[in-house]
Amino acid sequence: MVDTTKNTKLFTSYGVTTSKAINPDMAAKMIKKAKRPLLVVGSGVLRPEILERAVKIAQKANLPIAATGHSLQGFLDKDVDAKYINVHQLGFYLTQDDWPGLDGNGNYDTVITLEFKKYYINQVLSGTKNFSNVKAISIGRDYIQNATMSFGNISREDHYVALDELIDNL
Amino acid sequence: MSKLTTGSFSIEDLKDVQITINTIVGAAKEAAEEEELGPMGPSPFPGLATYRDDWNLKLLDRYEPVITPMCDQCCYCTYGPCDLSNNKRGACGIDMKGHNGREFFLRVITGTACHAAHGRHLLDHLLETFGEDVPLNLGQSDVLTPNITITTGTRPTTLGEIKPAMEHAEEQLTQLLATVHAGQESAEIDYDSKALFSGSLDHVGMEISDIVQIAALDFPKADPEAPLCEMGIGTLDKEKPFLCVIGHNVAGVTYMMDYMEENDLVDKMELGGLCCTAIDLTRYKEADRRPPYAKVVGSMSKELKIIRSGMPDVIVTDEQCVRADIVYEAQKLKIPVIASNAKIMYGLPNRDNEPVDQTIEELKSGAIPGCVILDYEKLGEVSVRLTHEMHPIREAAGLRDVATDEQLKEWVDKCADCGACYLACPIELDIPEAMKHAKEGDFTYLEDLHDACIGCRRCEQVCKKEIPILSVIDKASQKIIAEEKGWMRAGRGQVSDAEIRSEGLNLVMGTTPGIIAIIGCPNYSDCAKGVYYIAEEFLKRNYIVVGTGCGSMDMGMYKDENGETLYEKYPGGFVSGGLVNIGSCVSNAHITGAAQKVAGIFGGRTMDGNLAEIADYVLNRVGACGLAWGAFSQKASSIGTGCNVYGIPAVLGAHSSKYRRALIAKDYDESKWKVYDARNGEEMPIPPAPEFLLTTAETWQEALPMMAKACIRPSDNNLGRSIKLAHWMELHEKYIGGIPDDWWKFIRNEADIPLTKRADLMKRLEAERGWEIDWKRKKIISGPKIKFDVSAQPTNLKRLCKEA
């Protein structure tokens with residue numbers, strides 16, 4: 001078992017509020033608890049080891065995917081519900097009650113983020129953190145301060161193990 | 001009584017007495033206002049509130065401010081620090097949104113001030129050197145100053161006549177800055193309106209900066225065949241003394257070039273620049289296309305890399321985008337630094353009043369690490385002579401050599417794999433992984449970091465083993481660096497009236513699919529080559545690609561399989577499929593200027609004092625999209641915001657989310673996608689494009705289709721719309737995958753559908769959207785929510801409607 005909570009070191013801070021560092025089992029629990037979850041994946045997902053795991057997470061937890069950047073190409077031949085949207089635009093829409101969502105059924109209560117540059121996703125999530133009630137769970141390899149809950153900083157190898165544990169717990 | 005005017009007067013009966021009146025407070029503005037100039041719009045010499053209700057709030061109603069704070073706290077005044085998280089209010093009463101609107105606004109006015117101050121410096125210097133009457137010869141154009149004319153209603157034709165516009169920008173900047181004070185403006189939306197106003201002034205400041213230097217310093221004048229200049233570290237002859245100039249303001253450099261030319265030193269040394277000074281030194285005296293000799297070293301991200309190479313024998317800095325550690329770094333390699341602009345003096349001693357020989361001796365001996373010289377005559381002589389003096393000294397001391405292989409191994413072996421550099425790297429390069437492979441003798445991973453590395457040395461700041469990581473990457477990348485040899489067309493200045501006349505119709509109808517403006521700094525989030533890929537893709541598709549600043553450089557830094565750069569492959573005219581290097585950062589005013597001229601010259605709109613109407617025309621009819629892929633500076637935010645107020649959207653790199661404020665529309669809210677038809681004032685639905693005025697993209701692959709889509713306009717005719725849709729959909733398929741979900745929203749009738757896939761796409765409309773198709777006549781019977789009417793006149797301004 002990988003402890004994904006022990007290293008929450010930051011190079012710079014976004015201020016007084018921080019995300020709660022969580023382990024994979026807790027992340028799985030939160031995902032299962034969500035009423036309208038959305039898996040948000042960045043272009044880093046195209047690394048094969050990650051792509052395979054992202055697909056498993058989406059399938060096992062029945063999560064729709066917001067494929068941002070140019071990540072959609074990884075999901076086209078997979079049996080998942082993935083749609084392209086720009087992540088900055090998505091960050092804005094998540095704060096708007098009238099957004100019908102990617103499927104027309106309304107906004108989301110929880111986003112699960114994976115494979116972004118940490119400065120970019122931190123910036124996008126600073127919008128949802130301050131101006132909405134959307135919960136953000138980061139399951140990438142970097143500690144994301146502006147998420148609600150996040151894995152800590154972990155090595156790439158540990159990250160694969162952590163994602164496997166998450167999948168087992170879903 | 002007759003009024004006093006400027007000029008020289010002799011008084012009768014008093015021999016040898018002449019009175020010269022240079023300026024009368026307010027007189028120039030008054031004269032400008034009194035002069036019969038033809039039709040005038042409603043907003044000459046605007047103030048803080050002038051554009052607010054008539055235009056800015058209309059834009060902001062569709063393009064909503066999207067706030068992404070950098071920090072929970074506000075530390076502005078002594079009430080604080082206040083915690084504003086969850087949009088709480090601080091002790092002064094401001095909320096998180098208002099504070100961050102202010103933060104963004106502050107960046108925009110800082111950028112505006114930078115360009116205005118640059119313009120003021122050049123204007124005063126050139127007025128003093130050449131006088132008031134230098135004509136604004138900018139090429140074959142009648143509309144010389146579109147930004148100045150739209151803002152102030154004046155049409156200057158000489159250097160001296162620019163002064164009222166300069167004074168106006170300065171006065172309004174003072175008003176704008178005042179609103180930042182604690183206890184002043186607090187509404188986010190009003191900071192946005194003020195930021196848009198500041199953006200319009202920024203393009204006035206930039207326009208002034210560039211037209212005065214084009215006119216007085218003999219720059220290319222709207223020349224599509226301006227010469228090609230050598231570019232890249234690999235083009236520098238290491239055997240020659242090297243004078244390296246860094247910054248944005250070319251005034252001082254012209255004196256170095258004059259000294260080199262007068263003393264027959266052009267072939268005996270290298271003169272190379274970084275950042276926009278580099279671009280402008282390759283424009284100096286190039287109106288007649290003489291063979292250029294000065295070189296462009298590269299963008300801002302090469303500043304430390306060129307210093308670490310040891311090659312510069314002297315560095316001269318001027319202003320803007322100059323690293324704060326130039327003296328600190330240069331000193332280690334005994335490179336004297338001369339600060340030539342009062343905006344950056346580095347704490348160095350001033351040598352304006354010392355004899356040249358004495359100053360050279362002081363610098364040569366290392367008694368001082370550098371000095372300030374603001375006297376340009378002295379600067380020209382000292383910098384060039386000192387370069388020749390320092391070269392043999394530094395050569396003999398081995399200071400111009402790169403590190404040895406043994407040194408590299410020693411550095412790499414020190415790495416303890418703590419990961420601190422990965423955490424500190426602003427673009428999150430996996431330096432530990434590259435170091436691990438280097439330890440095992442594989443240096444290719446380090447080499448791969450070179451193109452993406454922005455040369456900031458944050459990694460070195462945190463390395464406990466004090467490894468000079470930047471030097472490690474540079475040493476491992478020597479082969480690539482030696483091959484950094486590109487070409488860039490010298491900045492040509494404005495787009496001429498004739499070019500606008502011949503492209504105007506194509507742009508408004510959409511048959512030239514759009515203007516793509518690649519501008520700005522090199523703080524890329526993926527790789528420097530991204531701008532090359534983007535430019536190439538749009539050039540192949542016959543967009544007009546215009547560039548400025550570091551973007552212009554990086555587009556020319558890469559070669560295709562035949563060894564050709566984009567500047568060699570594509571023509572330099574403002575034509576479909578042309579690659580147009582407009583010039584330096586301040587030349588960005590000519591990009592908005594080109595769009596404004598389409599409205600003024602082709603569209604026949606009054607330009608004078610008429611921002612809202614010109615911007616309205618551009619937003620609805622001129623397909624254009626900017627790309628500031630590595631925007632890092634405050635100036636980039638003001639340039640972009642100036643584009644935005646004129647209805648030109650811009651895509652920025654992922655780092656630019658840190659500007660804290662984007663402008664994004666709700667593509668799902670149909671009420672936002674309506675305009676008026678100016679013929680009768682009726683509402684007409686339009687497609688959701690552009691979807692944003694300012695936003696970010698995650699990767700260069702994502703930016704491509706976003707930009708193509710952002711060039712779609714309500715005025716497109718059928719052919720234009722089908723061409724634009726074809727490019728957007730092809731780019732989406734190639735880089736993102738599949739067909740975009742919302743392509744059907746842009747279809748008004750069957751003729752809008754891209755020709756090559758028309759039958760297939762019509763089947764999809766029938767099957768997926770339930771549209772009714774007459775397959776015999778191959779026509780859409782019902783379905784589209786938007787209608788095509790070739791003579792419709794889309795506008796967001798109700799006051800322009802006939803029946804309004």
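This is a predicted model: local features need pLDDT of at least 70, side-chain atom pairs count only at pLDDT 80 or more; totals for chains, interfaces and linings use all residues.
A residue counts as buried here when its relative accessible area is under 20%.

Five bridges connect it to strand E5 of chain A, residues 110-114, and the two run parallel. Within that pairing, Val41(A) has Leu114(A) as its bridge partner. Strand E3 of chain A, residues 65-67, is joined to E2(A) by three bridges, again in parallel. Here the bridge partner of Leu39(A) is Ile65(A).

While still in chain A, have a look at the salt bridge between Asp164(A) and Arg53(A), whose closest N and O atoms are 2.9 Å apart. Asp164(A) belongs to helix H5 (residues 156-169) and Arg53(A) to helix H2 (residues 48-61), so the pair ties together parts of chain A that are 111 residues apart in sequence.

Now let us turn to where the chains meet. The contact draws on 45 residues of chain A and 53 residues of chain B. About 4,100 Å² is buried between the two chains, with carbon and sulfur atoms giving 53% of that area. There are also 30 residue pairs in polar contact between chain A and chain B, counting pairs in which both residues have pLDDT 80 or more. On the chain A side, the elements that give two or more residues are strand E4 (82-84), helix H3 (87-94) and helix H4 (118-131). H4(A) gives the most, with 10 residues. By class, this side of chain A has 18 nonpolar, 18 polar and nine charged residues.

Charged pairs take part as well, with five salt bridges between chain A and chain B. In one of them, Asp72(B) meets Lys129(A), with the closest N and O atoms 3.1 Å apart. Another pairs the side chains of Arg156(A) and Glu433(B) at 3.9 Å, N to O. That pair crosses from helix H5 of chain A to helix H15 (residues 431-439) of chain B. Glu433(B) is partly exposed, with a relative accessible area of 28%.

Ala665(B) gives a close-up of the meeting of the chains. You will find it in the loop between strand E19 (661-664) and strand E20 of chain B, and at 0% relative accessibility it is buried. Beyond its neighbours within four places in sequence, Ala665(B) is in contact with Phe92(A) and Tyr93(A), and in chain B with Arg62(B), Tyr63(B), Trp673(B), Glu691(B) and Phe692(B).

Four bridges hold strand E20 (residues 674-677) to E21(B), and in E21(B) the bridge partner of Lys674(B) is Pro685(B).

Another buried spot in chain B is Asn100(B), at 1% relative accessible area. It lies in helix H3 of chain B, residues 96-130. Setting aside neighbours within four places in sequence, Asn100(B) is in contact with Ile67(B), Pro69(B), Met70(B) and Arg660(B).

Our last stop is a salt bridge inside chain B, between Glu329(B) and Arg457(B), with the closest N and O atoms 3.1 Å apart. Glu329(B) is in helix H10 (residues 326-332), while Arg457(B) is in the loop between helix H16 (444-449) and helix H17 (458-462), 128 residues away. Both ends are buried: Glu329(B) at 2% relative accessibility and Arg457(B) at 11%. These two also belong to a network of salt bridges that links them with Arg308(B), Arg323(B), Asp325(B), Lys332(B) and Glu460(B).

How values were computed. Residues are numbered from 1 along each chain as its sequence is written. Chains are lettered from A and ligands numbered from 1 in the order in which they are written. Side-chain values use heavy atoms; hydrogens and water are left out. Contact means heavy atoms within 4.5 Å. Buried area is the accessible area (1.4 Å probe) that two parts lose on being put together, summed over both. A salt bridge is a side-chain nitrogen of Lys or Arg within 4 Å of a carboxyl oxygen of Asp or Glu. A polar contact is a pair of N or O atoms within 3.5 Å; within protein, one must be able to donate a hydrogen and the other to accept it, and residues adjacent in sequence count only if both atoms are side-chain atoms. Ala, Val, Leu, Ile, Met, Phe, Trp, Tyr, Cys and Pro count as nonpolar, Asp, Glu, Lys and Arg as charged, and the others, Gly among them, as polar. Buried means under 20% relative accessible area, exposed over 50%, partly exposed in between (1.4 Å probe, protein chains only). Two strands pair if DSSP finds at least two bridges between them.
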